[in-house]
Amino acid sequence: MKTLKLPVEVQDELKKVSEVAGYLWQREWAERNAGNISMNLTSFFSKEEVQGIGEEVPFDFPKGAAGFVIYITGTGCYLRDLVDKLDEVSCILYINEDASAYSIIWGGKQANFGPTCELISHSSIHLFNSIHHPENLAVVHTHPLELICMSHHELFDNEEELNRQIWMMCPEVKVFVPKGIHCTPYALSSTAALAEVTMEAFKTRNVSLWEKHGATATAPDVMKAWDFLDVANKGAKMLMMCWAAGFQPAGLSNDQLTELEQFT
């Protein structure tokens, strides 16, 4: 039986997945089976290595995703299990040449395993990235507490002001999330509509804040995607701490925020 040998580079990326999954669980951003992680690994494999492994499962992918090799977490699986059960609760899959099915070519050892129900969103984002931002190989979706709270606030209806108030909390937020947060309108999970609004978000912003749901970031690897989410949520948390203490923070001025742009 043909099996897939993982290059050292891919093994290193999967170690980052395990590390980030631990962070998400510790932060209480990955309750039960919440959240999912994926990575476009196409560039690490040849066609000969990935074809002919596993059985095809029908799935309607965007046509441009044909031939992609994607690491992705499983439906119903707990992200906390990625820390020490990576090959059980996640997999690497190969999308066939007409984008009509996938084959699991590594992992997915858990009983009744299947890729996340957000597979259409992840594959669509990876296709978008391959065209517009080929350096971005990773996608992380999670439930950051304070950012979700912000998606219920009236500021969510004013994206520019929401970003200004989060950026103004400390210089690092502006420097490390320079494009800011997109206030992504509500769309049903695991639908093409959610994929569309998320791709629209990544045209202009570092983080897509899914209304009343969670947040998603894309970056060259999962650690950098985690950093976008971590820093953005830190700004939201500090802002809410000030509100909870009963005052509106003075914040960095617009001139000071502009001055920081030299570091972004």
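Biologist: Which residue in E5 is the bridge partner of Glu56?

Modeller: Ser103 is the bridge partner of Glu56 in E5. Please keep in mind that this is a predicted model. E2 and E5 run antiparallel and are joined by 3 bridges.

Biologist: And how many bridges join E4 to E5?

Modeller: There are 5 bridges between E4 and E5, again in an antiparallel arrangement. Within that pairing, Ile95 has Tyr102 of E5 as its bridge partner.

Biologist: What about the hairpin of E4 and E5: which residue takes a positive phi?

Modeller: That is Ala99, with a positive phi near 60°; the hairpin has 5 residues between the strands.

Biologist: Is E5 mostly covered or mostly open?

Modeller: E5 is mostly covered, as 5 of its 7 residues are buried. Helix H4 (residues 119–132) lies across E5 (101–107) and several other strands, among them E1, to which the helix runs at about 35°.

Biologist: Let us turn to the whole sheet. In what order do the strands come?

Modeller: The open sheet has 9 strands, in the order E2-E5-E4-E3-E1-E6-E9-E8-E7, with mixed pairing. Strand E2 (56–58) and strand E7 (181–184) are the edge strands, each pairing on one side only. On average, neighbouring strands are turned by 25° against each other, direction ignored.

Biologist: In which sense do E7 and E8 pair, parallel or antiparallel?

Modeller: E7 pairs with strand E8 (residues 207–210) in the parallel sense, over 4 bridges. One of the bridge pairs there is Ile181 with Val207 of E8.

Conventions. Residues are numbered from 1 along each chain as its sequence is written. This is a predicted model: local features need pLDDT of at least 70, side-chain atom pairs count only at pLDDT 80 or more; totals for chains, interfaces and linings use all residues. Side-chain values use heavy atoms; hydrogens and water are left out. Two strands pair if DSSP finds at least two bridges between them. Helices (H or I, at least four residues) and strands (E, at least two) are DSSP runs, numbered from the N terminus. Axes are lines fitted to C-alpha atoms, for helices over the stretch in contact, and angles run from 0 to 180 degrees between N-to-C directions. Contact means heavy atoms within 4.5 Å. Buried means under 20% relative accessible area, exposed over 50%, partly exposed in between (1.4 Å probe, protein chains only).
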